[in-house]
Amino acid sequence: MRTRPDTSRDSSPDRSPGSTGGSMAGSMAGSTGGSTQEGGGRELTRRRVVEAAADLLAREGREAVTTRAVAAAAGVQPPAIYRHFDDMDGLLDAVAEHGYTRFIETKRAVPSPDDPVDDLRAGWDLAVEFGLANPALYAMLYGEPRRGTDSPAHRAGMELLYGRIRRIAAAGRLRVDEALAAAIIHATARGAVLTWLSLPEDRHDPALLTAMRESMVTAVTTDEPAVQDPGPAGAARALRAALPQQSALSEAEQHLLGEWLDRLAAGG
């Protein structure tokens, strides 16, 4: 059930003193510019509200993010919040999106290591560091899993993750399929952060994070490439060599696949 507003909507537009004055001609002449300015003003107000809510969440926790507290921090009247968001859940969804966006910007700013498995380690470490540095936001994002999962920032994050996984696959070192690898990487990172945050400070041991990261790496990667020769030709040769040992395909299917693999191998 979505949280209802704690104050009534004010359906009247914000107006400064004297805004109803002026001639009809002046109003018509300035209508286009006024609409543009109004749109920019609405976006600025929305951004202030989201940033104020995010700041309250970071400093004081989820319970501090109330309509009146956010309005005071953003410098707006409480009803103005509901001209931008249907209810408090809508505002929290926007805060989650804001958090995801900041995280993705951070990930994109970090150069990728040359080795794809080291790149995976670096991405995992960065995700965990973000969670530990932003505990209230992280708990809201992943303690309430529905938040942000359809947002553009979340989709961008998944694209980055799958990009890392495909680099590993292209190097012949992916142990499981891509979807399972993504689920394992997410589960271990979330589990590491939420477990760390649940522990008393005197039980915070960095060895826990290292052990969980390395268990993830072991689960999704291999030490040596499954295919020694790089590129599609090497992969085709390795698969062609294993083809007679499998029984999932009919004889005709094996023959057709063998022809395709021979072409790929020759093309390398």
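These legends describe close-up views of helix packing in a predicted model.

Residues are numbered from 1 along each chain as its sequence is written, and side-chain values use heavy atoms, with hydrogens and water left out. Local features need pLDDT of at least 70 and side-chain atom pairs count only at pLDDT 80 or more, while totals for chains, interfaces and linings use all residues.

**View 1. Helix H5 (residues 88-109) and its N-terminal cap.** Helices are DSSP runs (H or I, at least four residues), numbered from the N terminus. At 1.5 Å a residue, the 22 residues of H5 should span 32 Å, and the end C-alpha atoms are 32 Å apart, which agrees; the expected span is 1.5 Å times one less than the number of residues. Asp87 caps the N-terminal end of H5, with a side-chain oxygen 3.2 Å from the backbone nitrogen of Asp89.

**View 2. Packing of H5 against helix H6 (residues 116-133).** The two axes lie 11 Å apart at an angle of about 140° (axes are lines fitted to C-alpha atoms over the stretch in contact; angles run from 0 to 180 degrees between N-to-C directions). That makes H5 oblique to H6 (under 35 degrees counts as roughly parallel, over 145 as roughly antiparallel, 65 to 115 as roughly perpendicular and the rest as oblique). Gly99, Phe103, Thr106 and Lys107 of H5 meet Leu126, Ala127 and Phe130 of H6 (contact means heavy atoms within 4.5 Å).

**View 3. Packing of H6 against helix H9 (residues 178-198).** The axes of H6 and H9 are 9 Å apart, at an angle of about 35°. H6 contributes Leu120, Trp124, Val128, Gly131 and Leu132 to the contact, and residues of H9 in it include Ile185, Ala189, Val193 and Trp196.

**View 4. Packing of H9 against helix H10 (residues 206-220).** The axes come within 10 Å and cross at roughly 170°. That makes H9 roughly antiparallel to H10. Among the contact residues are Ala181, Ile184 and Thr188 of H9, and Pro206, Leu209, Met212 and Met216 of H10.

Methods:
Helix = DSSP H or I, 4+ residues; strand = E, 2+ residues; numbered from the N terminus. Polar contact = N/O pair within 3.5 Å; in protein donor to acceptor, adjacent residues only side chain to side chain.
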